[in-house]
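Work through the following exercises with the sequence and the model side by side. Try each task before reading its solution.

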Amino acid sequence: MSINKTLVFGHKNPDTDTIMSSIVMANLENQLGNSAKAVRLGNINKETEYVLNYLNIEAPELVSALEDGQNVILVDHNEATQSADNIANANVQKVVDHHALNFSVSTPIYYRAEPVGCTATVLYKMYKEHDVEITKNIATMMLSAIISDTLLFKSPTCTAEDKAIAEKLAKIAEVDCGIYGTDLLKAGTDLSDYTPEQIINIDSKLFEKDGKKFKIAQINTADLDSVFKNKVYFEAAINDEIKKDNLDLYMFAATDIINSNSKVITLGNDSKVVEKAYGVTLDDNTALLENVVSRKKQMLPKILENLD
Ligand code: MG
Ligand code: MG
Ligand code: MG
């Protein structure tokens, strides 16, 4: 692959926003006359697979390592810990994101982040600003990303803008948001083909603070009990990760998308931070966090605040 062709990708352990926004951003670049290609840094999850099948399109190509000097555009992330290996030696041209800023670069670049629920919401606005057509397929991709990231508008990360744009997209995509969205989220709760080790890695993100390393992993479920009947297997897999990656804390959150709660398993030397952060008492390494569904808004900031 030529290092001059720009690769567009989102974070490791890709979610629906990361995959769809990579494709949507690459298309925008190509429409504007820049040569870009969407790629991915990991396996496609079941929810994203649902969208790809619905649209009958292929997943972006899997890329494991970047060459030095590779031109890249980052979507749906900015932190190096969540990006491609060798990102430090790549040439980051643009970033389009909706996460807290933890990024620095020595040359001026296009950096766009907005405090909205989804990268695709930002991309919708960029399409409008450049007067680029939003086709039915592109609209379906953007809509799927917004539904995924906002848990069908129920997450506290969801803004009025996400919802208004999703409604416009649903018209172009010719889908009923509620029906399509429920099917999409439900597809993502199917864990039947995965080992416990795979389940904790479907959507895990690595963070660092003052030399401490921790991971927060999240899965969606409509049935917490069925997830937690495998608790001992998850604990074994989590302890392996802690050892392998030298982590101070691992929080695995199973988010109940029907009742909008999360039940967590926390392990590692700093596992008690969860008690302090949420005013809960861990019971055999687990706790129910009422009304907590968003890693970005309700998990990560609380952990960062209380980790010392
Ligand atoms: Mg994401
Ligand atoms: Mg996102
Ligand atoms: Mg997510």
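**Exercise 1: Two loop residues**

Phe 153 lies in the loop between H4 and helix H5 (160-173), where helices (H or I, at least four residues) and strands (E, at least two) are DSSP runs numbered from the N terminus. This is a predicted model, in which local features need pLDDT of at least 70 and side-chain atom pairs count only at pLDDT 80 or more, while totals for chains, interfaces and linings use all residues. Residues are numbered from 1 along each chain as its sequence is written, chains are lettered from A and ligands numbered from 1 in the order in which they are written, and side-chain values use heavy atoms, with hydrogens and water left out.

Task: find the phi of Phe 153, then do likewise for Asn 56 and state where Asn 56 is placed.

Solution. Begin with Phe 153, whose phi is near 70°, a positive value in a residue other than glycine. Next take Asn 56, which is not a glycine either and yet has a positive phi of about 55°. Asn 56 is placed in the loop between H2 and strand S3 (61-62), and it counts as exposed because its relative accessibility is 71% (buried means under 20% relative accessible area, exposed over 50%, partly exposed in between, with a 1.4 Å probe and protein chains only).

**Exercise 2: The magnesium ions**

Task: list the protein donors of each magnesium ion, and identify the residue that bridges the magnesium ion (ligand 1) and the magnesium ion (ligand 2).

Solution. Start with the magnesium ion (ligand 1), which is coordinated by His 11 (NE2), Asp 15 (OD) and Asp 76 (OD) at 2.1 to 2.3 Å; donors are N, O and S atoms within 2.8 Å of the metal (3.2 Å for Na, K and Ca), and sites may look incomplete because water is not among the atoms. Along the chain these donors follow the spacing H-x3-D-x60-D. His 11 is buried, with a relative accessible area of 0%, and Asp 15 is also buried, at 12%.

Asp 76 is buried, with a relative accessible area of 1%, and Asp 149 is buried at 17%.

The bridging residue is Asp 76, and the two magnesium ions that it bridges lie 3.4 Å apart.

**Exercise 3: A pair of helices**

Task: describe how H2 and H6 pack, and say which residues make the contact.

Solution. Helix H2 (residues 46-55) and helix H6 (residues 177-188) pack at an angle of about 130°, with their axes 6 Å apart; axes are lines fitted to C-alpha atoms, for helices over the stretch in contact, and angles run from 0 to 180 degrees between N-to-C directions. That makes H2 oblique to H6, since angles under 35 degrees count as roughly parallel, over 145 as roughly antiparallel, 65 to 115 as roughly perpendicular and the rest as oblique. The contact (heavy atoms within 4.5 Å) is made by Lys 46, Glu 47, Tyr 50, Val 51 and Tyr 54 of H2 together with Tyr 180, Asp 183, Leu 184, Leu 185, Ala 187 and Gly 188 of H6.
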